[in-house]
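Open the structure in your viewer and keep the selection tool at hand. The stops below follow charged side chains and their partners.

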Amino acid sequence: STLSGHEDGITCLLDSSRGLVTGSRDCDINIWDLQRGELLDTLLGHQQWVTCLLETKDGLWSGSRDRSIRRWDLQACTL
């Protein structure tokens, strides 16, 4: 199957507790339900490409070319 939702290239993937998480050159982080093939949420906040993703007990961490690391609440989809 194919998932479409980013406006630019995908730079990183993460198999998370919530679903597949993708980071992109469009500065967005998308959360996908792979069983339904649907986009669940989009996390907005980075000003440059999202380059890495990590899930810990404290939440979802994302790194970006904007030189920031952000911690997200993966369930609430907020910073």
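Is Arg25 buried, partly exposed or exposed? Select Arg25: at 37% relative accessibility, Arg25 counts as partly exposed. Keep in mind throughout that this is a predicted model.

The side chains of Asp8 and Arg25 form a salt bridge, at 3.7 Å from N to O. This pair links distant parts of the chain, 17 residues apart: Asp8 lies in the segment before strand S1 (10-15), and Arg25 in the loop between strand S2 (20-24) and strand S3 (29-33). Asp8 is partly exposed, with a relative accessible area of 37%.

Next, select Asp41 and Arg18. Their side chains meet in a salt bridge of 2.7 Å, N to O. Here too distant parts of the chain are linked: Asp41 belongs to strand S4 (residues 38-43), while Arg18 sits in the loop between S1 and S2, 23 residues apart. Asp41 is partly exposed at 25%, and Arg18 is partly exposed at 23%.

Move on to Arg36 and Glu38. The closest N and O atoms of this salt bridge are 3.2 Å apart. Arg36 counts as exposed, at 52% relative accessibility, whereas Glu38 is partly exposed, at 39%. The structure holds 4 salt bridges.

For the last stop, select Trp49 and Arg65. Arg65 lies over the face of Trp49, 4.5 Å from the ring centre. How many aromatic pairs does a search of the whole structure find? The search finds 0.

Note on methods. Residues numbered from 1 in each chain as written. Predicted model: local features only at pLDDT ≥ 70, side-chain atom pairs only at ≥ 80, totals over all residues. Heavy atoms only, no water. Phe/Tyr/Trp six-rings, centres within 6.5 Å; stacked < 30°, edge-to-face > 60°. Lys NZ or Arg CZ within 6 Å of the ring centre and 35° of its normal. Helix = DSSP H or I, 4+ residues; strand = E, 2+ residues; numbered from the N terminus. Buried < 20%, exposed > 50% of the residue type's maximum accessible area, 1.4 Å probe, protein only.
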